[in-house]
Amino acid sequence: MSDLIPSFSDALLRRDPFFRTMQAEQTDCYRLFHGAVEGCPGLSIDRYGNHLLFQTWREAVTAEQIEALHALACTALQCELTSVWNDRSKRGAVQHETHPISETPTSGVELGLRYDVRLRHEGIDPLLFLDFRAGRRWMRRQALDKDVLNLFAYTCGIGVAALAGGAKQVLNVDFAARSLEIGRRNAQYNQLDVQRFKTLKENVIPVIRQFAGLGIRGRAARRKYTRLSPRLFDIVVLDPPRLSKSPFGKVDLVSDYASLFKPALLCTRPGGKLIFTNNVASVEESAWHERLEKSAKKAGRPLQTLIPLRPEEDFPSFDQRWPLKMAILHV
């Protein structure tokens, strides 16, 4: 990473207009350096409120480089920042605190909404994924008077955006109680009507199969799960992990996206919309879109429109092939 310092300097200079836009939009959570396309693959540098998050997946940086990068960021942003470095280059990530961070939960602001973005927590992934900002922005504009289902909700960022956008009700589904608790706290941070913000700690597969009227079959039917009646939503969010297994089935975004797509589609009200993601870099966007359209026709709910949604400019792509693919579907 001999070119790291000049590459980061160039990235900060390119982003100067973007920084001003973010400040005007009341946002202090964004990517400063997207190393995959800005000169240092395996490194990212993100701002979360008054903190910097360095993440490495390949070659580790040195303490001296972190200090130099930190100083450049503080100068460019004209503020004092603390830093954490998550070295994910080896099996099991190691977190290095390079500047002291308070134990008090830390908040950041995105599009005027406050989120818990603490860098020290039980997990290693950030509590707010910055490349999904475009999805949260879209949701806030679309959610007025809508019933929203947020699947694989994690810390409910897009659910909070829906509630702030005037959603009639938001149901956030995730298997992790701790993540949902952070989501509820995010809603409270923003003084939103938490009576319209529901969370359900449950595996997503039995939830959407029941909402879609498909039921639970085979051995999975004998498992313990929350019993639900068929239900339709105006907007459905499907933001799944790349791969996971459970007694109710497997999530596989490469080989079997359709098993998630069909029930999510069937619990969307006619005329409604879905926002779907696929975060597997090797999946071609055009091929993914084709599979979605074919699956919709097979399910008897052909799509009216499919519109790609791109990450915002702090996630540049030299070949227009973003690892995170997002699509807005109108049914």
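Here are a few friendly notes on the fold and the salt bridges of this chain.

1. A word on the basis: this is a predicted model, in which local features need pLDDT of at least 70 and side-chain atom pairs count only at pLDDT 80 or more, while totals for chains, interfaces and linings use all residues. Residues are numbered from 1 along each chain as its sequence is written, and side-chain values use heavy atoms, with hydrogens and water left out.

2. Overall build: the chain holds 10 helices and 16 strands, taken as DSSP runs (helices H or I, at least four residues; strands E, at least two) numbered from the N terminus. The C-alpha trace spans about 55 × 40 × 35 Å along its principal axes. Of the 331 residues, 52% are buried (under 20% relative accessible area; exposed is over 50% and partly exposed in between, with a 1.4 Å probe and protein chains only).

3. Salt bridges: the count is 20, each being a side-chain nitrogen of Lys or Arg within 4 Å of a carboxyl oxygen of Asp or Glu. One of them pairs Glu110 with Arg136 at 2.6 Å, N to O. Glu110 sits in strand β6 and Arg136 in helix α5, so this pair ties together parts 26 residues apart in sequence. Both Glu110 and Arg136 are buried, and they belong to a salt-bridge network that also links Glu25, Arg133, Arg137, Glu312 and Asp314.

4. Within helix α10, Glu290 and Lys294 lie four residues apart, about one turn, and their side chains form a salt bridge (3.1 Å, N to O). Glu290 is partly exposed at 42%, whereas Lys294 is exposed at 54%.
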